[in-house]
Amino acid sequence: MTPGLWDLVLRGAWTTIQLLVLSGLLMTAVALVVGVARTSRHWSVRFLAGLYTEVFRGTSALVMIFWVFFVLPVALGWQLVPLWAGTLALGLTYGAYGAEIVRGALGAVDPAQREGGVALGFTPGQRLRLILLPQAVPEMIPSYCNLLVELLKGTALVSVTGMGDLAFSGNLVRLALQESAHIYTYLLVVYFVIAFVITRLMRGLERRLKAGLGGVA
């Protein structure tokens, strides 16, 4: 490939990484809020959180991207740039899956820990912050790592909006060179490298959190 085409692929990879980070942050925030809400004592809060989870978990991420990029602007009267449209659609969609990870991890905490917090006079917020989350977060990491890798692969869907991500840039290079095998092999390798880095980082984070939890215990 010419330097110009390599530059196109590299800029596409950088766009994919930006989209991954931004949608990953939104996904994490949504997962924590909705996951905690699903354990609320108030049925109305649990109902709304459950409704959100079922709606976004039961719809296609690709169709959601189309909806955010093409339908939402009509309703709001202003157009989202592809990066923010992709961030919103992917973050909200994958956040629904993340909420179930959070809910499951919180539910797996020993009930005696909750009872201990009540005995100490902690408020629900204090029990969540000081007792439940420190024990639940390390248990979330393996599933959350898998979800991040799935989110990485889902970023390729934004190419349908014309966003210059890795998949879109790779396809432009393929059309320019009329060479599919090499280009798509390069793309697979780049996606694998990014996913491998995510996996290594999350495993390191898991070890640190579990070590810190053991030290506190």
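By class, the lining of the largest pocket has 6 nonpolar, 4 polar and 3 charged residues. Keep in mind that this is a predicted model.

So which residues lie nearest the centre of this pocket? They are Thr 39, Ser 40, Arg 41, Arg 114 and Pro 124. Helix 6 gives the most, with 5 residues. As for volume, the largest pocket holds about 320 Å³ of space.

Next, the second largest pocket. Its volume is about 260 Å³. Here too, 13 residues make up the lining. Nearest the centre of the second largest pocket are Leu 20, Val 21, Leu 148, Ile 198 and Leu 201. Helix 1, helix 6 and helix 8 each give two or more residues to this lining. Helix 8 runs over residues 180-216. Which helix gives the most to the lining of the second largest pocket? Helix 1, with 6 residues.

And how do the residues of that lining divide by class? We get 11 nonpolar, 2 polar and no charged.

How is empty space found at all? Rolling a probe the size of a water molecule over the atoms shows where empty space is left.

Now to the aromatic rings. How many aromatic pairs does the structure hold? There are 6. Take Tyr 94 and Tyr 97. Their ring centres are 6.2 Å apart. Their planes sit at 45°, so the pair is tilted.

Are they buried or exposed? Tyr 94 has a relative accessible area of 12%, so Tyr 94 is buried. The cut-off for buried is under 20%. Tyr 97 has a relative accessible area of 35%, which means Tyr 97 is partly exposed.

One last stop. Which residues form an aromatic cluster? Phe 66, Phe 69 and Phe 70 form one together.

That's my tour. Over to you.

Terms used: Residues are numbered from 1 along each chain as its sequence is written. This is a predicted model: local features need pLDDT of at least 70, side-chain atom pairs count only at pLDDT 80 or more; totals for chains, interfaces and linings use all residues. Side-chain values use heavy atoms; hydrogens and water are left out. On a 1 Å grid over the protein atoms alone, a cavity is a set of points where a 1.4 Å probe fits but cannot get out, and a pocket is an open set with protein on both sides within 12 Å along at least five of seven lines; lining residues have an atom within 4 Å of a point. Grid points are joined across faces, edges and corners, and a volume is the space filled by probe spheres set on the points. Helices (H or I, at least four residues) and strands (E, at least two) are DSSP runs, numbered from the N terminus. Ala, Val, Leu, Ile, Met, Phe, Trp, Tyr, Cys and Pro count as nonpolar, Asp, Glu, Lys and Arg as charged, and the others, Gly among them, as polar. Rings of Phe, Tyr and Trp (its six-membered ring) pair if their centres lie within 6.5 Å; planes under 30 degrees apart count as stacked, over 60 as edge-to-face and the rest as tilted. Buried means under 20% relative accessible area, exposed over 50%, partly exposed in between (1.4 Å probe, protein chains only).
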